[in-house]
Amino acid sequence: MDLKTHIRSIPDFPKPGILFYDISTLLRDADAWQVAMTRMADIIRDYKPDYLAGLESRGFLFAAPLALKLGCGFVMLRKPGKLPGNVVGLDYTLEYRTDRIEAQADAVPPGARVVVVDDLLATGGTLSAGIRLLRQLGAEVPAAVTLIELSFLSGRDLIDVPFASLLQYD
Ligand code: PRP
Ligand code: MG
């Protein structure tokens, strides 16, 4: 199955000049979503993760079902102020703004193998922040995986672990 036929591209969203790759059309097609999950699971399984970490919010849509499929725990890396209890945060810089992600301090035991999952790699800022935050928690990050990679932005250069994507766009 050509999964790209299930990704809709929408010009000028969220800003003029940006071509937005919309995963809604993939998620609403049961067969396409299933195929995407199976292919991502096949990649991730080889890294023998104990946990999958998903990046809020679209990353949750992939990381949670993949964790269930692989028999792993699922960990949320969230936008600021959403998680209760003891929280560890990391500020990171995107092209024009600073952002922050947070995790619960006890999210994973020290030395746990955690694969990071998101829907899309663009500049790589979000995913690389996720990797760094997990390391702050004492996790080992053997790999990072996304459904979509905007190859022309070279975001994978920021990712210092093995990285794989299912669909690349130039
Ligand atoms: C999008 C996308 C990735 C990130 C990729 O998330 O879901 O998480 O941007 O961009 P980067 O590689 O340049 O960091 P967004 O912040 O738009 O929020 P959402 O997931 O909550 O929709
Ligand atoms: Mg996101």
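In which strand is Ser9 found? Ser9 lies in strand E1, residues 8–11.

This is a predicted model, in which local features need pLDDT of at least 70 and side-chain atom pairs count only at pLDDT 80 or more, while totals for chains, interfaces and linings use all residues. Residues are numbered from 1 along each chain as its sequence is written, and chains are lettered from A and ligands numbered from 1 in the order in which they are written.

**Figure 1. Overview of the chain.** The chain has 4 helices and 9 strands (DSSP runs numbered from the N terminus: helices are H or I with at least four residues, strands are E with at least two). From the N terminus on, the order is β-β-α-α-β-α-β-β-β-β-α-β-β. Taken along the principal axes, the C-alpha atoms fill a box of roughly 40 × 35 × 30 Å. The radius of gyration of the chain is 15 Å, which agrees with the value near 15 Å for a compact globule of 170 residues (taken over C-alpha atoms; the globule rule is 2.2 Å times the number of residues to the power 0.38).

Figure 2. Ser9 counts as exposed because it has 12 C-beta neighbours inside 10 Å (exposed means 12 or fewer other C-beta atoms within 10 Å, buried 20 or more, partly exposed in between, with C-beta atoms placed from the backbone). Leaving out residues up to four places away in sequence, Ser9 touches Leu19, Phe20 and Tyr21 (contact means C-beta atoms, placed from the backbone, within 7 Å). The C-alpha atoms of Ser9 and Leu19 are separated by 6.4 Å, with the two residues 10 apart along the chain.

**Figure 3. The largest nonpolar core.** This core has 43 residues, and Ala53, Val114 and Val116 have the most contacts inside it (a nonpolar core is a set of buried Ala, Val, Leu, Ile, Met, Phe, Trp, Tyr and Cys residues joined through C-beta atoms within 7 Å). Strand E7, residues 114–121, gives the most to this core, with 6 residues. Among the residues that Val114 touches are Pro49, Ala53, Val75 and Leu134.

**Figure 4. The shell around ligand 1.** Ligand 1 is surrounded by 17 residues, the closest being Ser57, Arg58, Ala122, Thr123 and Thr126 (near means a C-beta atom, placed from the backbone, within 6 Å). E7 supplies the largest share of this shell, 4 residues. Helix H3 (58–70), E7 and helix H4 (125–136) each supply at least two residues.

Terms used. Contact = placed C-beta atoms within 7 Å.
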